[in-house]
Amino acid sequence: MQSDKTLLLEVDHAQATECRKAIAPFAELERAPEHIHTYRLTPLGLWNARAAGHDAEQVIDTLLRYSRYPVPHALLVDVAETMARYGRLQVSNHPVHGLVLQAIDPSVLEEVLRSKKVAPLLGARVDDSTVIVHPSERGHLKQALVKLGWPAEDVAGYVDGERHAIGLQAELWQPRPYQTEAAEGFWHGGSGVVVLPCGAGKTIVGAAAMALAQATTLILVTNTVAARQWRDELLRRTTLTADEIGEYSGAKKEIRPVTIATYQVMTTKRQGIYPHLEVFDSRDWGLIIYDEVHLLPAPIFRFTADIQSRRRLGLTATLVREDGREGDVFSLIGPKRYDAPWKDIEAQGYIAPADCIEVRVTLPDSDRMTYAMAEPEDRYRLSASAPEKLRITEEIVRRHVDDRVLVIGQYLDQLAELGEHLDAPVITGATPVRERERLFAAFRDGDVRVLVVSKVANFSVDLPEAGVAIQVSGTFGSRQEEAQRLGRVLRPKEDGRAAHFYSVVTRDTVDADFAQHRQRFLAEQGYSYRIIDAEDIHAGKWEVS
Amino acid sequence: MAMAAPRSLADDLRQREPESLGRLLRRRPDLLHPVPTDLTALTTRATTGPSIARCLDSLDALHLHVLRVATTLTAHDAASAEAIVGEAAETLGPDAIDDCMLALTDLVEAALIWGTPHQLRAVHAVRDQVAAVPVPRWPRATLRASEQHDLSDVDERAALSARAALAQVRDLLDDWSADPPSILRSGGLSLRDFASATRALHSDWRRASLTIEVAHAARLVADDHEESPHWVPTDHYDVWLSRPPAEQWIELVTAWLGLNRLASLADEKTQVLSTDRDRRAIPVLRRQVLDLLCAAPSGASLSLEQIIEILDDRQPRRAGDLRALTVDATLLEATELGLTGAGAMSTAGRLLLASLTGPPADRRLSAAEVATALNAALPDDIDHVLIQADLTIIAPGPLAASPSRTLRLLADVESRGHATVFRISEGSIRRALDAGWDAAAIHAVLADISSTPVPQPLTYLIDDTARRHGTVRVGNALGYIRCDNPETLSAAVADRRLRSLGLSRLADTVIISQSPAAELIEELRAAGYAPAAESPDGDIVIRRPEDRRTAAPRAGTVTTRRMTEDALVDAAVRSLLAGDRAATEQRGATVVGPASKVDLPSLSSAAILTALRTAIADNRPLWIGYADTDGSVTQQIVDPIRLAGGVLTAFDHRTEQVRSFSVARATGVAPLTTDETDG
């Protein structure tokens, strides 16, 4: 245990598995490279553990049992004190006064009442340790309390919502054990977030949660293609019929017992207001599912704060938010209810093993000159769309004749050029949804072997048969984009073959710097990149493994 | 003593045995400075407010209680010991009678109460000062273990902390060797430098401040007294580094014990290394806390509250913010320095503290014992690390000093504890290249230090960085940029970001600049080039600055002087008794000189000093020839007591008083013959 509250776990140690299980409830896995995994103790993590029923004594006992060296006393005290802060305040239902904030310890209530951020959210004082909460401020209050370091336990319960029968097609398929565990973990916790790697079947966890809720459900997804895929998956996996599922997107505005809405339409702003947020109120929803919760846009957060009496399930591959709003996810959606590292699920055979390769190309001298003289803001674009990348991409595609290949990039002209060279269709944000779906279907069926896609394909596009992804450019150094893109090729293959993920990078430019930053998340998850020189591939010194 | 009941305190003191007077002077040492001429003077001094206040400060709660009862009962008339003790124990309980009696006897000895057991009186001046004394807690606070630990566990924790403390000092001073922080005009370390040291040590304010203050107290870092002064590691630091860890530790802890500041009482607003924070009482208070920890049973930890409770009982008048802060700081600092583990005194700590109170001759022997205890508790150093594909390097335990310093150059520390996580990056590799390493050397040292294969991405990173490193060279003396590649220079000339440097192309491969080389390097690097400085003969200049050193200040004299020196007390008692005889017997005004004179040879002052020191050590009287203010030389027999600052304090047989002699005015000294000593 380190002084900055990270825990180092030696993977090869005989007790490593046992220890990992013991610390998982309260420590967050920060990175999982090959020898030593790093976990971190954070207030959020410790509160998550408290919410799940673990007490400080258990946590301290675990730390002492597995630590190789004596654990500094101050750290143990800190753990105990942090954990003791959770639940000193409770949001609950009072038989007379309705929603109240109740303190086990009146001095804590005094302290938070003195905060300028909290006071306006509260109503009249009932007694020493109870104060009325405006029902509409339930979420804002919890948000503010987490910021003050006194997270409130929300035991006010949920409205059941409008009942709606939803069953799983049990005779056709069974959810995997971890999916059932995740759905049940969520259900018992009331609200919260399930963290599963891309390709591990988050949709199924959603379906299982709906079957537990037996109520009308609002599903929020990133874009229209993802919305259609959710619908198809629900039709296939559950007893729901096409009439029961509505789509609320730019194209359609259907409100049905199960409605799938896109973030994009929800956050469309007209004359300073968000007209589509009323979807939240359009029905008496019993469950709200947030897909890709790490991308949840700010207006949705704000609205989510107002609907704290409804059950909320967040699904994501990573809690890492590039904007650092992990605390809002904790207070508004709920604590983390289930988490499984990628490598674990890969080891169980539910996602394909992946071979990550960084291919380095060199700028020719003339381009180097142009690059050196370019303005800083143009440099990434220049280096990321270096012409040399075309040749090597072609070469890699040629090496994978038997596989289906996705070429993913950021810049439209680069993608167009790639499409031309590879003689492959190109899908971008401008491609009509109908055309996109047609191409994806053709790719799934094997009629199209190579697809060139822009970042529209980053999320929730189900292409199970893609075995090779070649990334030629990206959104600068976004770590979660890298994870999403790798996720595209991680669906298990029928023949069990490994997936290949290539990242083509221009040496000695900002492209290489960004690539390094992007790779950090995956490297931390145990995916190590091999580096290959483009020259070696051209020279035939390299074979597809 | 078949004498009449004393009529006054002076009378009482006059009736006391010399030993009893000696005990009085020992417990109230302020009465000795200067030595009063006779008992009347002593009595006057002993009944002044300040002297009484000092004495009361050292008393425990029970003593103060008994004293208050005594002042109340004797306000108008004398009271008997039984009456005082009875009244005092009344509120406490019958089991307090014995303790109250002992306290009363002690108060008489301290000259706060006087008289016979049947007729006791409290000194008047005491009354006001004890009027508000509360009834003490009964039974009294005692040392109870707040938690009992296994001694081996305590020792292991302490040893690990001790090692971590040494590593922190090393890391701090290695950083400061290259880049010493400047000294503020007021004498401390600037807040910015304090903050950056805290960050670099991956520590917090309190612990970083402790490291800095202790390094300074141990003379490992000091003012370099340059025109713009800096805190620079001293030459003594190099000596310290060469010593085995246990000796390094003993040196640090010893320095800490004498420190006049609360080293760890710091936050982001504290001016570290500033003498403004000095309080002379701190070393004494700190020692009291440590002595309590030593007094507790082995393996027992004491809580902060408990220590304060005991100190409040032992010296209630000294209670206050400073003491509370000292207790808090001392507990933290003792833990961080590895004196205690799990809140209990370690074996090595106990031995070290015991050795520091013993005679100096024993210390070397004790140091060996301390080292043995410390080494026995220390787990073995780790000399290998694990290198991972995400470019982290992990030392899974306490890392030996040499690989630790290598890695701190090659990589940045990401997290610290008993294990260390380093992250290697382009920047950190460049730093190593700047310090004169090459790619091959880095590969070799990593392969050597790693217990697992070096991951391929790291190999690439090193080669890439090395390949680019130094392809652009910058001249210092001429302010030029030279590069074998004309395009690079074209790019640099065209680069808008470099416009401020006033670059102009001299030749295809050379640019000259109006800016100094240092600025050039900075700007070029910011613009994404990887420049290296070049010497006039074309070699790459190794950019790592020389480790800077300054002279260590002289070690302070060891301040382990015992509270009162026996010799001084004895002499003072003799002086008092003689003075008293003189005062009471109205002896003749002229004091007769010694009967016989000896032939005193003139000696050099060095010889005189040697003779005086020998006489003090042997506790023997001698003849001294002394030039008076009028220049006449007299010879007298003295008992030398103390020699300090060129002044000899001695008991003068002629005047039967303790007086001072300036060594400069001594003309010669000679030992006494046996019969003279007897006479």
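My cut-offs: buried means 20 or more other C-beta atoms within 10 Å of a residue's own, exposed means 12 or fewer, partly exposed is in between, and C-beta atoms are placed from the backbone. Helices (H or I, at least four residues) and strands (E, at least two) are DSSP runs numbered from the N terminus.

This is a predicted model, where local features need pLDDT of at least 70 and side-chain atom pairs count only at pLDDT 80 or more, while totals for chains, interfaces and linings use all residues. Residues are numbered from 1 along each chain as its sequence is written, and chains are lettered from A and ligands numbered from 1 in the order in which they are written.

Next I looked up the buried side of helix 14 of chain B: Ile282(B), Leu285(B), Arg286(B), Val289(B), Leu290(B) and Leu293(B). They sit on the same side of the helix because they cover an arc of only 135 degrees around the axis (the arc of directions from the helix axis to the C-beta atoms). Among the elements covering them I noted helix 13 (245–257), helix 16 (321–337) and helix 17 (347–357) of chain B.

I then checked confidence in chain A (pLDDT, the predictor's confidence in each residue, from 0 to 100). The mean is 84, and 95% of the residues of chain A reach 70 or more. Helix 14 (residues 342–347) of chain A is lowest at a mean of 73, and strand 13 (residues 287–290) of chain A is highest at 92.

How many residues does each chain give to the contact? I get 28 from chain A and 26 from chain B, with contact meaning C-beta atoms, placed from the backbone, within 7 Å. On the side of chain A that touches chain B, helix 15 of chain A gives the largest share, five residues.

Last, the cores (sets of buried Ala, Val, Leu, Ile, Met, Phe, Trp, Tyr and Cys residues joined through C-beta atoms within 7 Å). The largest nonpolar core has 191 residues, and Leu220(A), Val407(A) and Ile470(A) touch the most other members. Its largest share, eight residues, comes from helix 8 (residues 202–213) of chain A. Apart from this core I found another of 74 residues, including Ala197(B) and Leu351(B).

Terms used
Contact = placed C-beta atoms within 7 Å.
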